[in-house]
Amino acid sequence: MTENIFQQALASEYSDILEHAVTHNYLVCIPNQSSLSDRTITRRFIMDHMIKPSPYVENLFQTMTGKNLLIKNDEIKSHIGYIHKFALQIIKEENAHDPQGRVYKQVFVTAPLDDNPNKCAMLKPEPIYKFYSAKEYIGFLHFAVEDSEAAFMFAQAFVQHFNNSYIIFKQFAKETYNKVKSGLNDLKCLVLKIEQLKEAITNPSIMQNVCEMVESNILYDIYDKLFLHMIEFHEEQESQLWACCDRIMSDLYATKLGIDRDLDGIKFKESAELLGTLNVYRTPWEKMEVLCKLAGTIDKECKKHLEKNNPRKAEKWETSADQYFPLLIYLISLHKPEHLQVHLTFITEFSICSGTSGQQRYHLTNFLAAIHTILNNEGVL
Amino acid sequence: MDSVKEFKIVTLGEGRVGKTSLTLKFARNEFHDNEISTVQANFIQKDVQLDGGIQVRLNIWDTAGQERFRALAPNYYRQANGAVIAYDITDAGSFNKVKAWVKELQSQADKDISIVIAGNKCDRESERQISAQDAIDYANSINAAHFNSSAKSGKGVNELYTEIARRVYAVHQKNAKANPQLSNSRGGRRVRVTNDEPQKPKNKNCC
């Protein structure tokens, strides 16, 4: 086979990549010359074609840019990290020598391995009916630690994993819900492991990147889907809660909850609007922020209401827990914020937060206690 | 790196004894305004300077004191490092409630929980219904500290929170020495990740 433009570029302009590849036992994939006619050979393009086998997962290879490929029976398939899926044929393998005479392996393929929408041999994404083990994730993580590019790919691996899990999730709903939850627990463990590794690793900034990516990129994509299904699972509980709220509002006056008489008739319009934004935010920590903000809004609305009813009291008013807690019950019963229980379960289940004493945990505890009180109000209120 | 140790303190006591006023007075102390991190009437985060230049951060949780919400208290004192139990010196009934809280904490809360009792409203000494000595004796009997306090004048307020900070820090140091793995910069609790499956509780009825 005549040396093609890829090989020419690798030998001349990008010899440092070849040097790195040979030193670190990468295989060099060379696309067929005819597939390169309309391509610009860039550094990244070259790096997309340097691959090495995973020590953790059979048939899995990773490019120098951090994407994953599967090689089996003379076929190279895109795997994790590719938006545009493909399967290519291996034409042949042969040994080659670098300028220093060191041997390396060349693999000739029918088309480039870059993430290109115009590739001829496109495949539809295949659902993988399999959950990776925590050990395999750690394997991916080891790749990711090598460079930040790989860390990004690592993040995408999680997205793909959860997208695939979601397919099964839809089919076997409840049974799989537990699996998804345990998958997320693995993920939480992983994040905590990363945090623990931070102290030991020589380049903590890379680990920080991985942590941030796990938290923001990966989870963000799956939250919507999980939330929608949680709504279905909690439908019955929500109707039960609203029935209890109706009972509270019809049987009792706000004062019976222990709320200051001067707050009689308070509408909590602004607070209800704020609680409505729980449906807008996707991540547990954004939702948690809403719960924290609510304390301030309730306090503000109380003062505003008191200014009309009892201006002297308004001046000194502080919404203590003695008042805040019953007001919270009243607010929930009055406005019945949509999917409130789901939001709280969502925050409890999926927030990556190990703190037990901070402000967020305090407000979450108040909400959970308020829901508990509403649901079990007989003899209490 | 932030090395301030954080501790959770829960404020307990009957309704209207002045729990919130106490914590707010502590938080808004004019001499320490620059130390306030977060102030809401029901949640306060504040740094306290201990002897030897040690700084600790207190996350103070306020609780609803009404009897009807009593059953919810465990949700609040769970994993608390310390508790400030307040009573009104002009209301004997509120002191009896302190004893009930202590009993509950001793049986339900973390075994290492530190307790400080606050005899509040001491600016109304003439209306006192609880003897100061009885209250101190009771506090000593349960290894707690007792302070006469007034949210109005500020008397005893800083002292009682400094004392609870000193106590929770001492417990933390003791535990850190006994078990260095549990020690960390967040007040002694941290999730450790292991590959072990959680152990199922043994069936007591099993022969």
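Two residues are in contact here when heavy atoms of each lie within 4.5 Å. The model shown is predicted.

**Figure 1. Chain B, an overview of its contacts and elements.**
In chain B, take the contacts with a separation of 6 or more: 71% of them are between residues 24 or more positions apart. The chain has 5 helices and 7 strands. Read from the N terminus, these elements follow the order β-α-β-β-β-α-β-α-β-α-β-α. Chain B has 207 residues, and 51% of them count as buried.

**Figure 2. Chain A, an overview.**
Chain A holds 13 helices and 7 strands. It has 381 residues, of which 50% count as buried. Among its contacts with a separation of 6 or more, 68% involve residues 24 or more positions apart.

**Figure 3. An aromatic pair in chain B.**
Across all chains, the whole structure contains 11 aromatic pairs. One of them joins Phe95(B) and Tyr138(B) in an edge-to-face arrangement. Their ring centres are 5.9 Å apart, and their planes make an angle of 80°. The pair bridges distant parts of the chain, as Phe95(B) belongs to helix 3 (residues 92-108) and Tyr138(B) to helix 4 (residues 132-141), 43 residues apart.

**Figure 4. A ring cluster and two lysines over rings.**
Which residues do ring pairs link into a cluster? They are Tyr362(A), Phe43(B), Trp61(B) and Tyr76(B). Trp61(B) also has a charge over its ring: the charged end of Lys8(B) sits 3.8 Å from the ring centre. In another such arrangement, Lys46(B) lies over the face of Phe26(B), 4.7 Å from the centre of the ring.

**Figure 5. The largest nonpolar core and a second one.**
The largest nonpolar core has 73 residues. The members that touch the most others are Leu294(A), Ile298(A), Phe325(A), Ile332(A), Phe367(A), Leu105(B) and Ile117(B). Helix 11 (residues 321-335) of chain A supplies the largest share of this core, 9 residues. A second core of 28 residues is separate, and includes Val84(B), Ala86(B), Val116(B) and Tyr161(B).

**Figure 6. The surroundings of Ile117(B).**
What does Ile117(B) touch beyond its neighbours within four places in sequence? Its contacts include Ile85(B), Tyr87(B) and Val98(B). Tyr138(B), Ala139(B) and Ile142(B) are also among them.

**Figure 7. Helix 5 of chain B.**
Helix 5 covers residues 157-178, which makes 22 residues. From first C-alpha to last, helix 5 reaches 32 Å, close to the 32 Å expected at 1.5 Å a residue. Its buried residues include Val157(B), Leu160(B), Tyr161(B), Ile164(B), Val168(B) and Ala176(B). Glu163(B), Arg167(B) and His172(B) are also among the buried residues of this helix. An α-helix has 3.6 residues a turn, so residues three or four places apart point the same way.

How many disulfides does the whole structure contain? The count over all chains is 0. Cys244(A) is in no disulfide, and the nearest cysteine sulfur, in Cys245(A), lies 7.1 Å away. Cys244(A) counts as buried, at 5% relative accessibility. Cys302(A) is buried as well, at 0%.

**Figure 8. Two residues with positive phi.**
His339(A) is not a glycine, yet its phi is positive, about 60°. It lies in the loop between helix 11 and helix 12 (340-350) of chain A. His339(A) is buried, with a relative accessible area of 13%. Arg16(B), also a residue other than glycine, has a positive phi near 70°. Its place is the loop between strand 1 (5-12) and helix 1 (19-27) of chain B. Arg16(B) is exposed, at 71% relative accessible area.

Gly154(B) sits in the loop between strand 7 (145-148) and helix 5 of chain B. It counts as partly exposed, at 24% relative accessibility. Gly154(B) and Leu22(B) are 132 residues apart in sequence, yet 8.2 Å separates their C-alpha atoms. In chain A, Glu232(A) is part of helix 6 (residues 204-233). Glu232(A) is exposed, with a relative accessible area of 53%. Its C-alpha is 9.5 Å from that of Val342(A), 110 residues apart along the chain.

Conventions: Residues are numbered from 1 along each chain as its sequence is written. Chains are lettered from A and ligands numbered from 1 in the order in which they are written. This is a predicted model: local features need pLDDT of at least 70, side-chain atom pairs count only at pLDDT 80 or more; totals for chains, interfaces and linings use all residues. Side-chain values use heavy atoms; hydrogens and water are left out. Rings of Phe, Tyr and Trp (its six-membered ring) pair if their centres lie within 6.5 Å; planes under 30 degrees apart count as stacked, over 60 as edge-to-face and the rest as tilted. Helices (H or I, at least four residues) and strands (E, at least two) are DSSP runs, numbered from the N terminus. A charge sits over a ring if NZ of Lys or CZ of Arg is within 6 Å of the ring centre and within 35 degrees of the ring normal. A nonpolar core is a set of buried Ala, Val, Leu, Ile, Met, Phe, Trp, Tyr and Cys residues joined through side-chain atoms within 4.5 Å. Buried means under 20% relative accessible area, exposed over 50%, partly exposed in between (1.4 Å probe, protein chains only). A disulfide is a pair of cysteine sulfur atoms within 2.5 Å. The expected span of a helix is 1.5 Å times one less than its number of residues.
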